[in-house]
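Biologist: I'd like to learn how to read a few features off a model. Could you walk me through it, starting with the charged side chains?

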Amino acid sequence: MNAVFHLVYFSKAAEDLSYTDIREILESSRRNNAQLGITGLLIFRDGFFLQLLEGAEEPVRKVLSAIRDDDRNYSVKVLIEAQGEDRLFGEWSMAFHDGDITTASTEHLVELFESVTSSELSRRALIMPILKKFRASAPELR
């Protein structure tokens with residue numbers, strides 16, 4: 001199996017972001033990612049996005065560049081850039097989890113957001129393992 005580049009970022013959603021905007025983000029992400037061989041997960045919670053992009057490094061970085069230019073979010077902060085053996089969300093060109101409306105908000109989601117917002121590097125090292133746990137217990141990914 002080829003190595004997979006994993007990139008995780010965290011950003012603040014624009015104040016006027018609507019669910020129509022999120023639907024449009026998902027539709028274009030899924031279409032574009034499928035063409036680029038990129039898979040991943042987008043989580044929306046409390047006005048923030050957390051996204052894992054996985055695939056070949058160059059296309060993933062290209063997508064990140066487009067995300068940085070998108071005015072529907074700002075303060076894009078890359079948390080993880082790493083090579084891995086396997087994709088975590090290979091079945092989805094972009095899985096989506098709405099942490100605001102789901103009734104199945106797991107402890108892993110809470111732990112994930114605590115790790116992301118922590119300034120401690122040791123907490124950040126937990127992000128990929130927590131994403132793996134979240135994937136294993138993933139409630140309703142669309």
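Biologist: How many salt bridges does a search of the whole structure find?

Modeller: Keep in mind that this is a predicted model. The idea is to look for a side-chain nitrogen of Lys or Arg within 4 Å of a carboxyl oxygen of Asp or Glu. Searching the whole structure that way turns up three salt bridges.

Biologist: Which residue forms a salt bridge with Glu57?

Modeller: That's Arg61, with the closest N and O atoms 2.9 Å apart. Both sit in helix 2, residues 57-69, four residues from each other, which means about one helical turn separates them. As a general idea, an α-helix has 3.6 residues a turn, so residues three or four places apart point the same way.

Biologist: And what parts of the chain does the pair of Arg61 and Glu81 tie together?

Modeller: Start with the distance: Arg61 also forms a salt bridge with Glu81, and here the closest N and O atoms are 2.6 Å apart. Arg61 belongs to helix 2 while Glu81 belongs to strand 4 (residues 73-84), so the pair links parts that are 20 residues apart in sequence. On accessibility, Arg61 is partly exposed at 35%, Glu57 is partly exposed at 33%, and Glu81 is partly exposed at 46%. Shared partners join Glu57, Arg61 and Glu81 into one network.

Biologist: Where does Arg72 come in, and which side chain does it meet in a salt bridge?

Modeller: Arg72 pairs with Asp70, at 2.6 Å from N to O. Arg72 is partly exposed too, with a relative accessibility of 22%.

Biologist: What about the phi of Ser75?

Modeller: Ser75 has a positive phi of about 55°, again without being a glycine. Ser75 is placed in strand 4, and at 55% relative accessible area it is exposed.

Biologist: Back to helix 2. How many residues does it have, and how far does it reach?

Modeller: A handy check is to set the span against the one expected at 1.5 Å a residue. Helix 2 has 13 residues and runs 19 Å from its first C-alpha to its last, close to the expected 18 Å.

Biologist: Which residues of helix 2 are buried?

Modeller: For this, take buried as under 20% relative accessible area. In helix 2 that gives Pro59, Val60, Val63, Leu64 and Ile67. Look down the helix axis and the buried residues of helix 2 fall within an arc of 145°, so they line one face. On the other side of helix 2, you'll find Glu58, Lys62 and Asp69 exposed.

Biologist: What covers those buried residues of helix 2?

Modeller: The cover includes strand 1 (4-13), helix 1 (19-36), strand 3 and strand 4.

Biologist: Last one: which elements have the lowest and the highest mean pLDDT?

Modeller: Among the elements of the chain, helix 2 has the highest mean, 97, while helix 4 (residues 121-124) has the lowest, 67. The chain as a whole averages 86, and 85% of the residues score at least 70.

Methods:
Residues are numbered from 1 along each chain as its sequence is written. This is a predicted model: local features need pLDDT of at least 70, side-chain atom pairs count only at pLDDT 80 or more; totals for chains, interfaces and linings use all residues. Side-chain values use heavy atoms; hydrogens and water are left out. Helices (H or I, at least four residues) and strands (E, at least two) are DSSP runs, numbered from the N terminus. Buried means under 20% relative accessible area, exposed over 50%, partly exposed in between (1.4 Å probe, protein chains only). The expected span of a helix is 1.5 Å times one less than its number of residues. The arc is that of the directions from the helix axis to the C-beta atoms. Contact means heavy atoms within 4.5 Å. pLDDT is the predictor's confidence in each residue, from 0 to 100.
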